[in-house]
Amino acid sequence: MPSAIDTSAWSGEGTFTQLLIDRLQGLDAIRSIRVEDAPATRSDADYNFISNEVFVEFAIIEHRQPSRKFGIIPATRVVSEKAMTIAGLDAALAAVADVGAPDYADDGMLQFLRTERIVPPYQTRGYKLVELVRIYEAGTPRRE
């Protein structure tokens, strides 16, 4: 089942962000993806700084587990668990050649930082494009 994508709060800037979204769509353990522009985005004469936040919602897997009621009566209960965690997403993205391992990772976030020098045609000086992408699990409390 393809992932649902919400890009309504994203300007569309960032080639690495788009590449990351494309790769996240290919993972079956992700149910939905939301992309937003982060407030840190800014531009100057010598550089452009693009900051995007990606929120992923993992699919839920349900399986039956045998149990006993009152310690005697056999029964089964349905146990729900996430198909992947942020640590699992870290490992999955590290295995993708054009994405690679994140520059920073902890329990609740993955962070990628990419830089690129862009020289437009007919100009001697270019500018530096810095793209910061953070991936969070949707539904977790926001950290400041």
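Phe70 sits in the loop between β5 (60–69) and β6 (73–82); strands here are DSSP runs of E with at least two residues, numbered from the N terminus. Residues are numbered from 1 along each chain as its sequence is written. This is a predicted model, where local features need pLDDT of at least 70, side-chain atom pairs count only at pLDDT 80 or more, and totals for chains, interfaces and linings use all residues.

## Overall layout

The protein has two helices and nine strands, with helices being DSSP runs of H or I of at least four residues. Read from the N terminus, the order is β-α-β-β-β-β-β-α-β-β-β. The radius of gyration is 20 Å, well over the 15 Å that the globule rule gives for 144 residues, so the protein is more spread out than a compact globule. That radius is taken over C-alpha atoms, and the rule is 2.2 Å times the number of residues to the power 0.38. Along its principal axes, the C-alpha trace spans about 80 × 30 × 25 Å.

## Burial and contacts

Of the 144 residues, 32% are buried. Take the contacts (heavy atoms within 4.5 Å) between residues at least 6 apart in sequence: 50% of them join residues at least 24 apart.

Technical notes: Heavy atoms only, no water. Buried < 20%, exposed > 50% of the residue type's maximum accessible area, 1.4 Å probe, protein only.
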